[in-house]
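Subject: Structure handover

Hi,

Here is the structure for you to look at. My notes follow below it.

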Amino acid sequence: MRSTRIIALIMAVVMLAAALVGCGSAYDNPADYLELPADFSKITVKYADLEKEIEDQIESTLNDSVGQVFEPVTNKDATVQMGDEVYISFKGTADKELSDTVKEKLTNENFYLTIGSNNSTLPVDYTNKNDNNSDNDKDEEKVAVEGIEKQLIGKKAGDKLTLKGKFSNSYGTEDLKNVTVTYEIEIKAIARVSVSKDHKVKVTYTVTDKKNDVKVPVITTTKETTTEAPETTTTPVTTTTAPTSTKAPTTTKKATFAELFPSVTDKSKATELDFSKTTTAFASLYTLADLFPAFKDKNLYEEFALELTVPENAADKYADYKGKTVYYVFKIESTTSTPKMTDYFINKATINATNEEDRFSTAKAYREYLDKEFRKTLAYEAILEASTVTKMPKDEWEQSYENYLNQYVCDYLATKDKNNTGSGSVTLENYTPSQLEKLIPERDYEELRVKASVDAQDSVKQRLTMESLFNKFKIKLSDKEYDSKMKEEEDKYNANLVTYVYYYGIYSFDQYITYFGGEEYFELQWKYEKLLDKLPDSGVQYEKAPSEDAE
């Protein structure tokens, strides 16, 4: 898993350096224009800067993974429960001959299975007719076929099992319908949800006032808060004397229990409880602070009943139930939270990475990878800052300046000119000077020119520094390296073809290369990546951690 922050830094540097048209070797001798630091050993990357990059990337990785989070179970005696996630490997053998393509579906070395999710990769519980091949449906006995998920319940991490499962006659893959498969399964780890105050929990529930109707464990609240309903604002009523009427008084029909205490049983309409907001009302009678003690540490799909007392100050419509007990029977359908950086998390997040170097089995290994990569990019940034432009190449600066100015003007027009369809859809040539004067006030235009001028200087310096470092460290791409890198890029394009077509309108690899800057851009990026590998050993110093200095 390449760090998104590292990728962004590399792309930003290369795009800035490639802002000049014709990204080949732009300067015969970059030393005529830029002076690199004479002694790299006098350049220091600050420890605080390195740590910030690492921590920012870890935070970004975790935030990108917000969702249903399972934490590893460390108790070696723990057994698999409903709602747990099990990390398993499995290899299946079918009771009939299958094609190689279908056989591949029966084997997986790294699979994460949520017990109770009815994941279609493995046979799940269903009811099927007995295999007596009778032509008379009435003579066929219906039998329950237990799925692999249910058979894993009660097992431990480290267990190696032989389990049988049968795919239903309505299974999506034709060749696996009614096929019995024998699986060799190893449980590598068990993980589960443990609800805390940073969780959002989606629940379905039923409500009853009869304890005998409750078939799940009952949790009794002892908090005083359950005796008072959330405060509501009432509008004072002005009383007036109504004229005497000869009509019989109307009677209001009492609401039924089900109307007063509605149930939510449709999973698609499950109620979300955000336990970080404890004062939020629930069912207009309670707050999430009242509910949380019962939910604390609960697992996915767990079912339980919460005994609550209808508050004495509840609305008048609850008059018949004030002070009485009701039972909310909850089922946790899903949870949402931010993960922690654990070995289990990073292994799961990177296990299917295409490149082996992008897979990490421990959080420590991931952090060490980030440390190594950010040392490279920060060393480059420090060298760039310490380099001096001795003479600004006029033609290249003007070219870069015009590119930036055109871009910023188009961005500006995209917000001001209703006839403009967006940034990059027009160039300055689409407008006459008088039109531009009307659309862009002189003060705004001057700000755009200043910004374009500064960015053009940065772009030229970036490219000069890069070219100078290429020369210093003799960075080149052989034809073999170039072809190999281009093949990797093509594989990446093909793997994400739907995304490029749908979001970018890119229908071919040639279009892809052109869209992202042409072959010269990619060649510059690959040379830059080779350069980064050289920089940690270039003499640049790295400030030690405070604890290391203390030693």
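Residues 24 or more positions apart account for 75% of the contacts in the protein with a separation of 6 or more. Contact here means heavy atoms within 4.5 Å.

This is a predicted model, so local features need pLDDT of at least 70, side-chain atom pairs count only at pLDDT 80 or more, and totals for chains, interfaces and linings use all residues. Residues are numbered from 1 along each chain as its sequence is written, and side-chain values use heavy atoms, with hydrogens and water left out.

Confidence

pLDDT is the predictor's confidence in each residue, from 0 to 100. The mean for the protein is 87. A pLDDT of 70 or more is reached by 84% of its residues. Residues 21-25 fall below 50, and this stretch has eleven contacts in the model beyond near neighbours in sequence. Residues 231-242 are also below 50.

Overall make-up

The protein has 16 helices and 18 strands. These are DSSP runs, numbered from the N terminus (helices: H or I, at least four residues; strands: E, at least two). Of the 551 residues, 40% count as buried. Buried means under 20% relative accessible area, exposed means over 50%, and partly exposed lies in between (1.4 Å probe, protein chains only).

Cores

The largest nonpolar core has 40 residues. A nonpolar core is a set of buried Ala, Val, Leu, Ile, Met, Phe, Trp, Tyr and Cys residues joined through side-chain atoms within 4.5 Å. Phe 261, Leu 291, Phe 295, Tyr 328 and Phe 330 have the most contacts inside this core. At least two of its residues come from each of strand 9 (180-192), strand 10 (200-208), helix 5 (257-260), helix 6 (288-295), strand 15 (303-309) and strand 16 (325-336). Helix 6 gives the largest share, five residues. Apart from this core lies another, of 36 residues, including Ile 43, Ile 346, Leu 378 and Leu 524.

Take Phe 330 as a way in. Residues up to four places away in sequence aside, Phe 330 touches Val 203, Thr 204, Tyr 205, Phe 282, Leu 291, Phe 295, Glu 302, Glu 303, Phe 304 and Leu 306.

Strand pairing

Two strands pair if DSSP finds at least two bridges between them. Strand 10 and strand 16 run antiparallel, joined by nine bridges. Lys 200 has Thr 336 in strand 16 as its bridge partner. Strand 15 also pairs with strand 16 in the antiparallel sense, over seven bridges. There, Thr 309 is bridged to Thr 325 of strand 16.

Helix 9 (residues 394-416) has 23 residues. At 1.5 Å a residue it should span 33 Å, and its end C-alpha atoms are 32 Å apart, which agrees. The expected span is 1.5 Å times one less than the number of residues. Among the buried residues of helix 9 are Tyr 401, Tyr 404, Leu 405, Tyr 408 and Tyr 412. An α-helix has 3.6 residues a turn, so residues three or four places apart point the same way.

Helix 11 (residues 442-472) has 31 residues. Its first and last C-alpha atoms are 45 Å apart, close to the 45 Å expected. Lys 474 follows helix 11 and has a positive phi, near 55°.

Single residues

Leu 36 is in the loop between strand 1 (34-35) and strand 2 (44-45). Leu 36 counts as buried because its relative accessibility is 18%. Its C-alpha is 6.6 Å from that of Thr 388, 352 residues apart along the chain. Not counting residues up to four places away in sequence, Leu 36 touches Ile 383, Ser 387, Thr 465, Ser 468, Leu 469 and Lys 472.

Val 501 is in helix 13 (residues 497-504). Val 501 is partly exposed, at 27% relative accessible area. Neighbours within four places aside, Val 501 is in contact with Ile 506 and Tyr 507.

Asn 118 is not a glycine, yet has a positive phi of about 55°. Asn 118 is in the loop between strand 5 (107-114) and strand 6 (126-129).

Best wishes
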